[in-house]
Amino acid sequence: MTQLIRRFLERPGSIDLAPFERTVAAAGTREERLRELDELPTPSVDDLPEFCAVMREAAHRTLGLRPYDVQLVGMLAMLSGNVAEMATGEGKTLSGAMAAAGYALQGKRVHVISVNDYLARRDAEWMGPLYESLGVSVGWISQTSTQEERRDAYAKDVTYGSVSEIGFDVLRDRTRVDVADLVVPAPEVTLVDEADSVLVDEARVPLVLAGATDPGDAVPEMAVLVRQLVRGYHYELDDQARNVHLTSKGIDTVEQALEVDLYDSPATLTEVNLALHAHALLTKDVDYIVRDGKVHLINPSRGRVALLQRWPDGLQAAVEAKEALPPSATGEILDSITVQGLITRYPQRCGMTGTAVAVGDQLREFYDLKVAVVPPNRPCVRTDDPDRLFEYRMDKDRALVDEIVEVHATGRPILIGTLDVAESERLSLTLGGRGLECVVLNAKNDAEEASIIARAGERGAITVSTQMAGRGTDIRLGEGVDELGGLYVIGSGRQTSSRLDDQLRGRAGRQGDPGGSVFFVSGEDDLITHYVADEYAKGVPDHDLVGHAQRVAEGVDMEIHRNTWRYTRLLEQHRSLVLELRDKVLRGRSAGEALASAVPERWASLQETVEEEVLHEAARQIVLFHLDRSWADHLAYLADLREGIHLRALGRLSPIDEFNKEAKPAYERMLAETETRSVATFETATITAEGLDLDGADLRRPSATWTYLVQENPFGTEWERILNRLTTKVRRRR
């Protein structure tokens with residue numbers, strides 16, 4: 001009855017699996033006949049029982065893997081356009097490959113989007129024999145793939161790639177000036193692996209294509225200055241440690257040191273605030289690491305180095321100044337795309353993950369995806385102990401180490417999930433002092449992760465990991481470990497998302513294996529102090545408070561995601577219209593026709609000496625350049641608009657409504673400016689029989705471009721911070 005009510009209310013995870021289960025049962029009756037055939041028939045989704053039976057036999061013959069019934073159910077759920085929630089170790093990779101093959105056999109091009117290059121390549125190569133036996137071609141791309149390798153991979157029926165690499169290829173294609181240089185085909189179907197990580201955790205991180213300009217401009221002296229400031233006296237943090245601001249004493253101290261009035265010097269105020277944010281809110285070996293003389297961000301949801309990811313340029317440069325590193329190059333943003341914008345390009349979407357129900361509302365709201373919860377092949381017998389709760393972090397850490405020492409003495413393998421890199425290394429040193437050796441998997445050595453994780457179930461193993469989300473490797477139990485109780489998972493604290501805790505816990509108890517898990521939590525953990533500080537009285541926190549803190553944190557993340565989309569939704573509409581216009585210019589003669597209509601005398605004059613096709617190509621180059629130039633200017637304008645729009649809340653206006661109100665006419669001005677600039681260039685450019693003189697017409701594009709992910713500034717814009725300070729002062733006066 002509960003499930004029926006959930007289904008009626010369309011709650012996450014309420015999709016009825018009965019039709020899929022009946023189909024799989026019917027497939028079982030055909031299995032023996034297919035097993036006797038030398039060559040399997042080409043499967044068709046028009047006959048789903050036969051399709052399932054052929055898929056099962058093909059996987060068994062080519063991979064040595066006979067799909068369980070639940071794996072076929074997961075495949076059918078994805079073929080129906082859902083996100084399949086399947087527990088760790090239940091064979092999502094094979095289910096996803098069979099679903100991708102099903103779409104490909106319908107004549108649809110499929111992009112299997114993963115969280116990183118390693119998993120994309122591994123899964124494409126691992127599942128390759130299955131695809132080949134079905135007559136489906138498969139390829140993969142990575143950060144090191146050349147343009148030709150990318151073009152070849154995208155030409156396959158199924159292409160595996162990380163979300164960032166596919167997004168970057170889309171962005172690069174948007175600047176091509178020749179159809180022959182395009183790499184990414186028209187989107188048709190995407191199947192998203194680790195769907196919650198990709199579609200939710202990565203959703204606030206825009207992908208950016210930049211053109212070279214100049215180095216960062218942080219002032220090193222500011223880093224030295226803020227280092228001398230004292231928390232609680234010169235500056236304060238808010239309850240969630242997401243914002244920092246100078247106190248009146250701090251303002252006086254900074255103004256005396258710099259000999260300026262900060263509020264009469266907006267540029268200096270920005271430099272001080274950025275330096276203060278880098279100093280007070282971003283911690284080395286927690287939020288970033290320094291390696292090879294560069295700052296590398298750490299992905300908070302996976303505990304890995306976030307390759308090619310950076311904060312907005314001002315904050316990035318401030319962190320580099322804090323660490324006494326030379327500033328990295330900055331660039332003008334030529335175009336950008338959010339994960340949401342990337343995924344919703346595909347007319348058909350589906351996915352798989354081990355933890356989808358918890359974000360089911362977001363998947364439906366932002367991607368129109370529903371969740372199908374697939375039961376495990378064997379019941380989970382893992383023992384999940386209640387959290388061990390402590391008032392002080394020191395007591396928690398001591399009890400955590402004692403637990404590890406005691407369990408290790410039995411030979412039982414232990415996997416410890418820590419909250420950050422610094423904690424994993426401290427724990428490693430502490431265990432070493434107690435005579436225990438452990439293997440540490442964190443953002444500093446993530447390239448070795450597969451082999452480290454694969455050995456975590458061996459007798460006597462102690463593995464310390466910053467995160468387990470998206471690791472992509474099963475932990476198989478070593479000899480005799482079953483009798484010891486299986487893998488024992490320990491969390492050194494609760495994450496801000498219950499999904500991340502579930503992903504860690506799910507590493508034990510795979511495929512009916514024995515296992516256990518427990519989390520250690522203290523009242524001094526960031527989860528408590530940042531999200532429920534006002535509700536926590538000193539003492540040992542109770543389980544309800546810990547659960548409440550996670551729900552608050554998840555609500556904050558949801559609102560950030562929703563707010564990001566509010567501001568990018570209109571921009572995505574503008575981008576869609578511009579891309580439609582750009583494609584017409586790139587592939588046809590619309591540019592020439594428009595210029596011939598705007599300046600017929602000039603067009604007629606050139607026709608006397610220049611061949612028609614050469615003239616159209618020149619027009620195409622002119623319009624594409626100015627369209628791209630105007631679009632980059634439009635992005636910069638909207639970024640500045642968003643930076644200051646929040647001050648309008650002081651006048652009781654809605655910032656998002658005001659943003660949209662100004663963005664719409666700005667788009668119209670951008671189109672008009674493109675036309676004006678194109679006509680002006682066409683009238684004066686040198687166009688000969690050999691073509692357009694790009695240098696003479698000043699149409700050269702950036703000498704260098706690069707791609708990166710820009711981490712949304714977690715502290716808000718400068719104007720948001722000023723507004724928060726003003727409203728706080730008003731409230732206090734009342």
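Trainee: In strand E21, which residue is the bridge partner of Leu487?
Mentor: Keep in mind that this is a predicted model, in which local features need pLDDT of at least 70 and side-chain atom pairs count only at pLDDT 80 or more, while totals for chains, interfaces and linings use all residues. Residues are numbered from 1 along each chain as its sequence is written, and side-chain values use heavy atoms, with hydrogens and water left out. Strand E20 (residues 487–491) and E21 run parallel and are joined by five bridges, where two strands pair if DSSP finds at least two bridges between them. Within E21, the bridge partner of Leu487 is Gly515.

Trainee: Which residue stands opposite Arg388 in E21?
Mentor: Strand E15 (residues 383–384) is joined to E21 by two bridges and runs parallel with it, and there the partner of Asp384 is Ser517. Strand E16 (residues 388–390) also pairs with E21 in the parallel sense, over three bridges. In that pairing, the residue of E21 opposite Arg388 is Phe520.

Trainee: Why is strand E21 described as largely enclosed by the rest of the structure?
Mentor: Buried means under 20% relative accessible area, exposed over 50%, and partly exposed in between (1.4 Å probe, protein chains only). Gly515, Ser517, Phe519 and Val521 on one side of E21 are buried, and so are Gly516, Val518, Phe520 and Ser522 on the other. Strand E21 (residues 515–522) is largely enclosed because its buried residues number eight of the eight.

Trainee: Which strands stand at the edges of the open sheet of seven strands?
Mentor: The order of this sheet, with parallel pairing, is E3-E4-E2-E5-E13-E1-E14. Each edge strand has a single partner strand, so one side of each is left without a neighbour in the sheet, and these strands are E3 (138–140) and E14 (371–373).

Trainee: About what angle does the direction of helix H6 make with that of E13?
Mentor: Strand E5 (residues 189–193) and strand E13 (residues 348–353) pair in the parallel sense over five bridges, with Met352 in E13 as the bridge partner of Asp193. H6 packs on the sheet, where it touches strand E2 (110–114), strand E4 (158–162), E5 and E13. Axes are lines fitted to C-alpha atoms, for helices over the stretch in contact, and angles run from 0 to 180 degrees between N-to-C directions. On that basis, the direction of H6 makes with that of E13 an angle of about 165°.

Trainee: How far apart are the axes of H6 and H7?
Mentor: Among the residues that meet are Ala97 and Ala101 in H6 and Trp126 and Leu130 in H7, contact meaning heavy atoms within 4.5 Å. The crossing is right-handed, which applies if the near helix is turned clockwise from the far one by less than a right angle, and left-handed if anticlockwise. Helix H6 (residues 92–104) and helix H7 (residues 117–133) pack at an angle of about 55°, and the distance between their axes is 10 Å.

Trainee: At what angle do H22 and H26 pack?
Mentor: The contact includes Tyr567 and Leu570 of H22 and Phe659 and Tyr667 of H26, and the crossing is right-handed. Helix H22 (residues 543–587) and helix H26 (residues 655–684) have their axes 9 Å apart, at an angle of about 15°. That makes H22 roughly parallel to H26, since angles under 35 degrees count as roughly parallel, over 145 as roughly antiparallel, 65 to 115 as roughly perpendicular and the rest as oblique. The angle asked for is therefore about 15°.

Trainee: Is Glu259 buried or exposed?
Mentor: Most residues other than glycine have a negative phi. Glu194, in the loop between E5 and helix H10 (195–201), has a positive phi of about 45° and counts as buried at 12% relative accessibility. Glu259 has a positive phi near 55° and lies in the loop between helix H12 (248–258) and helix H13 (266–280). With a relative accessible area of 71%, Glu259 is exposed.

Conventions: Helix = DSSP H or I, 4+ residues; strand = E, 2+ residues; numbered from the N terminus.
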